Amino acid sequence: MVPPRILIADLLPEAQICVGLPGATKAEVLAALLGMLPSHPAVVNAEAMHAAVLAREAMMSTGVGKGLALPHAKTEAVRATVAAFAITAMPIDYDALDDEPVELLFLLVGPETVKTQHIRILSRISRLLNRDALRAAVLAAPDAATVRRLLMEAEVALLA
């Protein structure tokens, strides 16, 4: 049986989207981003989730370029896949692959059992935010509702 496709918009209610995420360093913005999820019902252990994301980041920066970072981890600290999205208050030195500062962060944490789904979601958000027009629109978005709508419309068009 093929598992149902999870849409990015389904993982990102407005409460898990932040425009103007505080922090001046990579560590600070990651902490703020992870701080958006501890009350999520799928999070079993917020400290272990945080540690898993930092451990993955220590292996290799998830700053993929064009101002985007995709911090992620697979861990049993969550019962189901959770996500958060943020636009930073200021560009952050993130050790990105292109040495450019990061302003967009998409956090994805899932259990070890959903590796394929995890990779597909990361690939989809990367493809979407690699598009200059969408990236510019998201960066100009005034609020979480607008960010969510832009991502949802772009994802629906991509999957059509």
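**View 1. Lys66 and its salt bridge to Asp132.** In this predicted model, Lys66 is partly exposed, with a relative accessibility of 41%. Its side chain meets that of Asp132 in a salt bridge, with an N to O distance of 3.9 Å. The pair connects distant parts of the chain, 66 residues apart: Lys66 belongs to the loop between β2 (63-65) and β3 (68-69), whereas Asp132 belongs to helix α5 (residues 132-140).

**View 2. Arg135 and Asp132 within helix α5**. A salt bridge joins Arg135 to Asp132, and the closest N and O atoms are 2.5 Å apart. Both residues lie in helix α5 at a spacing of three residues, about one turn of the helix. Arg135 counts as buried because its relative accessibility is 12%, under the 20% limit.

**View 3. Glu153 and Arg149 within helix α6**. The side chains of Glu153 and Arg149 form a salt bridge at 3.4 Å, N to O. Helix α6 (residues 144-159) holds both residues, four residues apart, about one turn of the helix. Glu153 is partly exposed at 44% relative accessibility, and Arg149 is also partly exposed, at 39%. Elsewhere, salt bridges with shared partners join Lys66, Asp132 and Arg135 into one network. The whole structure contains six salt bridges.

**View 4. A nonpolar surface patch that includes Met59**. The patch is formed by Met59, Met60, Val64 and Leu97, which together present about 430 Å² of accessible area. Met59 lies in helix α3 (residues 46-59). Met59 counts as exposed because its relative accessible area is 67%, over the 50% limit.

Terms used:
Residues numbered from 1 in each chain as written. Predicted model: local features only at pLDDT ≥ 70, side-chain atom pairs only at ≥ 80, totals over all residues. Heavy atoms only, no water. Patch = residues over 30% accessible without salt bridge, like charges linked within 9 Å, V, L, I, M, F, W, Y side chains within 5 Å. Areas by Shrake-Rupley, 256 points an atom, 1.4 Å probe, with all protein chains shown as cover. Salt bridge = Lys/Arg side-chain N within 4 Å of Asp/Glu carboxyl O. Helix = DSSP H or I, 4+ residues; strand = E, 2+ residues; numbered from the N terminus. Buried < 20%, exposed > 50% of the residue type's maximum accessible area, 1.4 Å probe, protein only.
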